[in-house]
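Please read the following report alongside the sequence and the coordinates.

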Amino acid sequence: MAFASRDKNTRMTYRRALTRTAAVATLLLALAGFWELYRWTWSSAGWTWPFAVDSTSMPHVWTILKAFGQPAQVNQPSLGNILFHKALFTAKESAVGFAIGAVVGFALGVVLAHSRLLQRGFLPYLVASQTVPILAIAPMVVVWVNPKLPAAVQGWGAVAVIASYLTFFPVLINTLRGLHAADTRALELMRTYAATRWTVLWKLRVPASLPYVFAALKLAATASVVGAIIGELPSGLQSGLGGAIINFNQYYSIEPQELWATNIVAALLGIVFFVVIVIAEKLVVRRAPEAVG
Amino acid sequence: MSEQQPVVEIRNVTKTFAHGNVTALQDIELDFHPREFVALIGPSGCGKSTLLRVIGDLVQPTSGTVTVNGKSARQARNDRDYGIVFQDSVLFEWRTVAKNIALPLEMLRWDKARRRDRVAEMMELVELKGFGDHYPWQLSGGMQQRASIARAFAFEPALLLMDEPFGALDEMTRERLNLELLSIWERLQSTVVFVTHSISEAVFLSTRVVVMSPRPGRIAGVVPIDLPSPRSAETREDPRFFELVTEVRELLRKRGEHLLPEEEPV
């Protein structure tokens, strides 16, 4: 019976995955269809509001897709190939930036949660740090951090630090909230065990905070990709998607499909990061199915 | 420990809450003896839960002293002298049932093999065998409360504090768990302090019912329960059972008469 139900479960999971894939494919097709329909309507009616539709402002979907297979410049590999490698480079920066941000955010959260005084003293500055645009911070970080880095990580290491600047904040705020989310009865129970602060932290407060922390990690995952792309701009790095965006931006009027293709790759990278965190959450956080958001 | 030394000695305990000048407990004097099953009963706001928390050193009395196993309540808590069961099971949802029951054993730094053996033993005792790998939300309310009782008894504390443990369960489940609790109590020979709203539950379970009255929280009377042991489903049909239920009810009513209208519980 146990086997039968397991088989049934596998079949259900399989079917669910199939349904989901079909739904995503349908949605993508619908989006492409809408794009082309909009294009056709506007260009045949000659409407110019909000903007004139032509092959520069809105290249055909198939032109964009075809661009992946063609070299952007003569005697070069295909654009798809180039963008794949640039995406890997940006992914490396984002992943390291995400990791630094997550660890720093969580550690700061744990420290601040234990001291109201520190919280009052430091939190306003941490909040203020997020109101300064990252574009204004990035050049300084490059100048400060890069010379101190070992040769192997020079350049992209500074970009990772810039990405972490965007990721630590949501993690910090949600860690603070999550560490106070433990049930009061559960805290009383720990008192009856004469548990130390440390034990209460690791056995109760941290596990209870994980749903909150993962909500923040999902925000941070996509923010780290944005941070890495923006961080590449003042660093003058050409190996990542940020460099590619700047480059293709300059040729937009001639070959707009290349920038569009780059944007699609950047969006895909963000989605991959997000999905990785969703999977990690499923593996780590155990809670009632109805509570899963 | 001699048979004469009480497990819990409550001397002249008064507890006032600063906000609103509420006197939750006034001049409480009580002794709980080894192997006793004491029910604390009273209307909302009579301080019965507060009294339980004072014994457990989760709330500090304003004056008076509480001695547990011959030590101060604080010392007894630090020595993990008692187990506790709340109205909610308070199981950690990220732990399996087995891991939840093992929680106090982890605190006591038992090694893994010893923990595993004890958890298996406790799960058998509360009839949760085979559910060790389930998560709390996969169990019914009654099963969750069983797991919570197993967790409280797991390290065999001399004293068990229970704060309306079956208050949120349906009548059928409640009566079954009453019987199960009694058989565990008879086997493990702990002293139980049991807070409840239910007169029949208090009489059915205990060897002594302490009736409390509110504002200020005081002891209205103590009813020794002389029903034969072990108790069974038939106990509830015993004429003596009805007499005792009536006695407790009258104590509650007499003390409650001047209490019009119902105020906020403490």
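## Basis

This is a predicted model, in which local features need pLDDT of at least 70 and side-chain atom pairs count only at pLDDT 80 or more, whereas totals for chains, interfaces and linings use all residues. Residues are numbered from 1 along each chain as its sequence is written, and chains are lettered from A and ligands numbered from 1 in the order in which they are written.

## Helix α3 of chain B

Eight of the 11 residues of helix α3(B) (residues 97-107) are buried, so this helix is largely enclosed by the rest of the structure; buried means that 20 or more other C-beta atoms, placed from the backbone, lie within 10 Å of the residue's own. Helices are DSSP runs of H or I with at least four residues, numbered from the N terminus.

Among the buried residues are B:Ile101 and B:Leu105, and the buried set packs against α4 (112-125) and α5 (141-153) of chain B, a contact being two C-beta atoms, placed from the backbone, within 7 Å.

## The pair α5 and α6 of chain B

The axes of α5(B) and α6(B) (residues 171-188) come within 11 Å and cross at roughly 15°, the axes being lines fitted to C-alpha atoms over the stretch in contact, with angles from 0 to 180 degrees between N-to-C directions. That makes α5(B) roughly parallel to α6(B), a label for angles under 35 degrees.

In this contact, B:Gly142, B:Gln145, B:Ile149 and B:Phe153 of α5(B) meet residues of α6(B) including B:Leu177 and B:Ile184.

## Nonpolar cores

Within the largest nonpolar core, of 85 residues, B:Leu40 and B:Val248 touch the most other members; such a core is a set of buried Ala, Val, Leu, Ile, Met, Phe, Trp, Tyr and Cys residues joined through C-beta atoms within 7 Å. A second, separate core of 55 residues includes A:Leu83 and A:Trp156.

Definitions and conventions
Buried ≥ 20, exposed ≤ 12 C-beta atoms within 10 Å, placed from the backbone. Helix = DSSP H or I, 4+ residues; strand = E, 2+ residues; numbered from the N terminus. Parallel < 35°, antiparallel > 145°, perpendicular 65-115°, else oblique.
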